[in-house]
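Keep the 3D view open and follow along.

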Amino acid sequence: MTDKHPDIIPATPAGLARAGEALRKGDLVAFPTETVYGLGGDATDDRAVAAIFAAKGRPQFNPLIAHVPDLESAEAIAVLDERAVELAHQFWPGPLTLVLPRRAEAGLSLLVSAGLDSVAVRVPAHPVAQALLKAAGKPIAAPSANRSGAVSPTAPHHVIESLGDRVSMVVAGGKCQVGVESTVLDLTGETPVLLRPGAVLREEIERLIGPIQLSAGNPDAPKSPGQLESHYAPNVPVRLNATSAEEDEAFLTFGPDRFIRGGKARLNLSLQGDLNEAAANLFAHLRALDQEGARAIAVMPIPDEGLGVAINDRLRRAAAPRSQKTGTQGGGPARQNNRR
Ligand code: TXA
Ligand code: MG
């Protein structure tokens, strides 16, 4: 690591052209989506995809999502059955990722699928992501733009804090609206399986295509990195369902908290108790509290409904015991950074 920082470039036509060019020549470009910032690389270029794994420090068995601008480009890389097309019409562009049989002839790097014969496909709604995908003219592999296991980035400076010069540029696009990663639904089998909860809710999916299964989530053989038990983790321990905080803890609250005790530092996910607002704030607040020098982060209970299901999924993993294997001390260069 050097002190060199990647450029944050504006999402102007010139900026997007430059970022598209960089992607086409195999460089890594971080970009905003409506969920979190992605670390993008050309999904047809083995070298670029390998560079993503290296930059993230990610275990190699985790496959990546291929991002495309529309249904037509999705059909060029994967086989969409009736269920997939119905879901695509309803939720694309948007925060739903479909795991589908991959088309061998599409030229995707085998690394993208980490050896599986499926591929995860996502059509992001963020206008900057849309413009960049069109400028690149190729499917773009993009995990969240952070070191593996660490908190996902929802603003450009988070990317730089986590990845430093492991990324060549960050396309600016403000704060992410959704704030937690896309829902991941596996459609390769007869019964659809929810691999990761997200902003597209289980009930919304079931209304269209009938019952889906919840993933068994075997943490030793994760199909989804989000299924690793310890993931999304700040540097300090996380304590869930806290109704008060100790004086040496940082406190992440939800809803009216005036009469709740404790915490050397405090941030509220949503004073109004709005779960969408809470999801949008989740990762940024975890990062900020992580830098308060507290012994731990205490987190108030979050209702397990709507986007609360995805929030609680991420919080459980942030609080999970950390093993060597999952390499959770993902702060990386964040520690040397004195922003905020
Ligand atoms: O919101 C998002 O999805 C963000 C933005 C950048 O688009 N991306 C993201 O990517 O969260 P990543 O790599 O952090 O998560 C991809 C998820 C993982 O849980 C991965 O295991 C799963 O999708 N996945 C990818 N390909 C798969 C496949 N072929 N089979 C099963 N799961 C797959
Ligand atoms: Mg991630």
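## The overall picture

The protein has 9 helices and 15 strands. Helices (H or I, at least four residues) and strands (E, at least two) are DSSP runs, numbered from the N terminus. This is a predicted model, where local features need pLDDT of at least 70 and side-chain atom pairs count only at pLDDT 80 or more, while totals for chains, interfaces and linings use all residues. Residues are numbered from 1 along each chain as its sequence is written, chains are lettered from A and ligands numbered from 1 in the order in which they are written, and side-chain values use heavy atoms, with hydrogens and water left out.

How much of the protein is buried? Of its 340 residues, 58% count as buried. Buried means under 20% relative accessible area, exposed means over 50%, and partly exposed is in between (1.4 Å probe, protein chains only). Among contacts between residues at least 6 apart in sequence, 67% join residues at least 24 apart. Contact here means heavy atoms within 4.5 Å.

## Two nonpolar cores

A nonpolar core is a set of buried Ala, Val, Leu, Ile, Met, Phe, Trp, Tyr and Cys residues joined through side-chain atoms within 4.5 Å. The largest one has 44 residues, and the members that touch the most others are Leu 87, Trp 92, Leu 96, Leu 98, Val 121 and Leu 185. At least two residues of this core come from each of α2 (46-56), α3 (71-77), α4, β5 (96-101), β6 (118-122), α6 (156-163) and α7. There's also a second, separate core of 28 residues, including Ala 265, Ala 278, Ala 294 and Ile 311.

Take a look at Leu 96. Setting aside its neighbours within four places in sequence, Leu 96 is in contact with Leu 87, Phe 91, Val 121, Arg 122, Ser 182, Thr 183, Leu 185, Val 200 and Ile 205.

## α4 against α7

Now for some helix pairs. Helix α4 (residues 82-91) packs on helix α7 (residues 202-209) at an angle of about 130°, with the axes 10 Å apart. That makes α4 oblique to α7. Axes are lines fitted to C-alpha atoms, for helices over the stretch in contact, and angles run from 0 to 180 degrees between N-to-C directions. Angles under 35 degrees count as roughly parallel, over 145 as roughly antiparallel, 65 to 115 as roughly perpendicular and the rest as oblique.

α4 passes α7 in a right-handed crossing. A crossing is right-handed if the near helix is turned clockwise from the far one by less than a right angle, and left-handed if anticlockwise. On the α4 side, the contact is made by Arg 83, Glu 86, Leu 87, Gln 90 and Phe 91, and on the α7 side by Glu 204, Ile 205, Leu 208 and Ile 209.

## α1 against α5

Helices α1 and α5 pack at an angle of about 55°, and their axes are 8 Å apart. That makes α1 oblique to α5, and their crossing is right-handed. Leu 16, Ala 19, Gly 20, Leu 23 and Arg 24 in α1 meet Val 128, Ala 131, Leu 132, Ala 135 and Ala 136 in α5.

In helix α5 (residues 127-136), the buried residues are Val 128, Ala 129, Gln 130, Leu 132, Leu 133 and Ala 136. What covers them includes α1 (13-24), β2, β4 (65-67), β7 (140-141) and β8. After α5 comes Gly 137, whose phi is positive, near 70°.

## α6, under cover

Is α6 mostly covered or mostly uncovered? It's mostly covered, with 7 of its 8 residues buried. What lies over the buried residues of α6 includes β1 (7-9), β2 (29-31), β3 (38-42), α2, β8 (169-171) and α8 (275-290). Just after α6, Gly 164 takes a positive phi of about 50°.

The axes of α8 and helix α9 (residues 308-319) come within 9 Å and cross at roughly 20°. The two helices are therefore roughly parallel to each other, and their crossing is left-handed. Leu 275, Ala 278, Ala 279, Leu 282, Phe 283 and Leu 286 in α8 meet Gly 308, Ile 311, Arg 314 and Leu 315 in α9.

Asn 281 is found in helix α8. This residue is buried, with a relative accessible area of 10%. Leaving aside neighbours within four places in sequence, Asn 281 is in contact with Lys 175, Asn 268 and Leu 269.
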